[in-house]
Amino acid sequence: MKIIAFGEVMMRLTPPHYKFIEQTDSVDLSFSGTGLNILSNLSRFSYDTSLVTSLPDNQVGRAASSYIRKLGVNDTSVAYKGNHIGIYFLEMGFGARPSEVTYLNRSESSFSQSHLDDFDIDEAIKEADIVHICGISLMVSETVRQTTMYIAKKAKELKKTVCFDFNYRSSINLDKSHEWVKEQYEEILPYCDIVFGGIRDLTELLDFPLDENLKNIADRLNVVSKPFVEKYGISLFAGTLRENKGEKQFLKGFLRNNQQFSVSTEYELTILDRIGTGDAFAAGIITGYIEEWSEEKSIAFAVSNAVFAHTTYGDTPLVNKKIVEEYMNGNRTNLLR
């Protein structure tokens, strides 16, 4: 089983010890992105993964490519052009203070400036079983949007399973109207089989009506997700639900298909690093799809994987399948020997 992903790779810079940027004179450097995070997690689950992206043709690009390989992801479909990579600073939250992300240089990045002709897309899709597309790719530039749509249509034409993550970021669409953004998502969704998102994507982005009489968010999702999957022919729609209870935070997952709506057990979170945890959930759902698990087992595995991701520093979950399955089955331990 081979999974490819098309998406941006960014450089993450994190001040140590929960410091603000203005307090530090050093940062921790890593590389990440939705597609890379999902692929690296699936690689640890022993699946064949490959990333289609563009990196700068310099030492930074080569460092990023080396990082991709270190995560177990194939980089032979990476294009090299330009001089820039998208960067974001992550100021880690602590206690009541939330983490904060600051983006730099994204519009001038190698990925944002890339074109369809920079990639051997047809060959990459031909060799794949599953193709993952990040929704941000619809927004970063017109040329990347065109490439994204081509990939979705080509993958569907070749009868590949297409996974799509809404991953909407309003901060990179300040000059775009709501209607324009909505049109991009409406165009790509009919080509998608598995979609990751949440209630705000359906109600605020796609304008599906919300039943205000339902107070429970899971009940609201149950109602609003049914016409969504029916309208676009989506096989699976999945995501996470977060809830604060006093000073504690809890996580559960949901999964919708044409027949039923499932919600997982709720887990209390211990948070070291929240970035990338949604990608871990997505990797878990894709694993369930590959293994042909039941909806209940798939969502239990996915949310367990996301719980572990909260305890992992960096965007990429670094746990193996066996540990996740043990946790999912209720086997908890504080020490492995």
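Helices (H or I, at least four residues) and strands (E, at least two) are DSSP runs, numbered from the N terminus. The structure is a predicted model, in which local features need pLDDT of at least 70, side-chain atom pairs count only at pLDDT 80 or more, and totals for chains, interfaces and linings use all residues. Residues are numbered from 1 along each chain as its sequence is written, and side-chain values use heavy atoms, with hydrogens and water left out.

His-17 is found in the loop between strand S2 (10-14) and strand S3 (28-32). Its phi is near 60 degrees, a positive value in a residue other than glycine. Most residues other than glycine have a negative phi. His-17 counts as exposed at 68% relative accessibility, where exposed means over 50% relative accessible area, buried under 20% and partly exposed in between (1.4 Å probe, protein chains only).

Helix H1 (residues 34-44) is mostly covered, with 10 of its 11 residues buried. Among them are Leu-36, Ile-38, Leu-39 and Leu-42.

One cavity of 30 Å³ or more was counted. A cavity is a set of points on a 1 Å grid over the protein atoms alone where a 1.4 Å probe fits but cannot get out, and lining residues have an atom within 4 Å of a point. Grid points are joined across faces, edges and corners, and the volume is the space filled by probe spheres set on the points. The largest cavity holds about 40 Å³ of space. Its lining consists of Ile-4, Ala-5, Phe-6, Val-52, Ile-121, Ile-125, Val-131 and Ile-151. Strand S1 (2-6) and helix H3 (121-126) each supply at least two of the lining residues, and the largest share, 3 residues, comes from S1. By class, the lining has 8 nonpolar residues, no polar and no charged ones; Ala, Val, Leu, Ile, Met, Phe, Trp, Tyr, Cys and Pro count as nonpolar, Asp, Glu, Lys and Arg as charged, and the others, Gly among them, as polar.

The axes of helix H8 (residues 277-291) and helix H9 (residues 295-309) come within 7 Å and cross at roughly 150 degrees. H8 is therefore roughly antiparallel to H9, a term for angles over 145 degrees. Axes are lines fitted to C-alpha atoms, for helices over the stretch in contact, and angles run from 0 to 180 degrees between N-to-C directions. Glu-292 is found in the loop between H8 and H9. This residue has a positive phi of about 60 degrees although it is not a glycine, and it is exposed, with a relative accessible area of 71%.

Terms used:
On a 1 Å grid over the protein atoms alone, a cavity is a set of points where a 1.4 Å probe fits but cannot get out, and a pocket is an open set with protein on both sides within 12 Å along at least five of seven lines; lining residues have an atom within 4 Å of a point. Angles under 35 degrees count as roughly parallel, over 145 as roughly antiparallel, 65 to 115 as roughly perpendicular and the rest as oblique.
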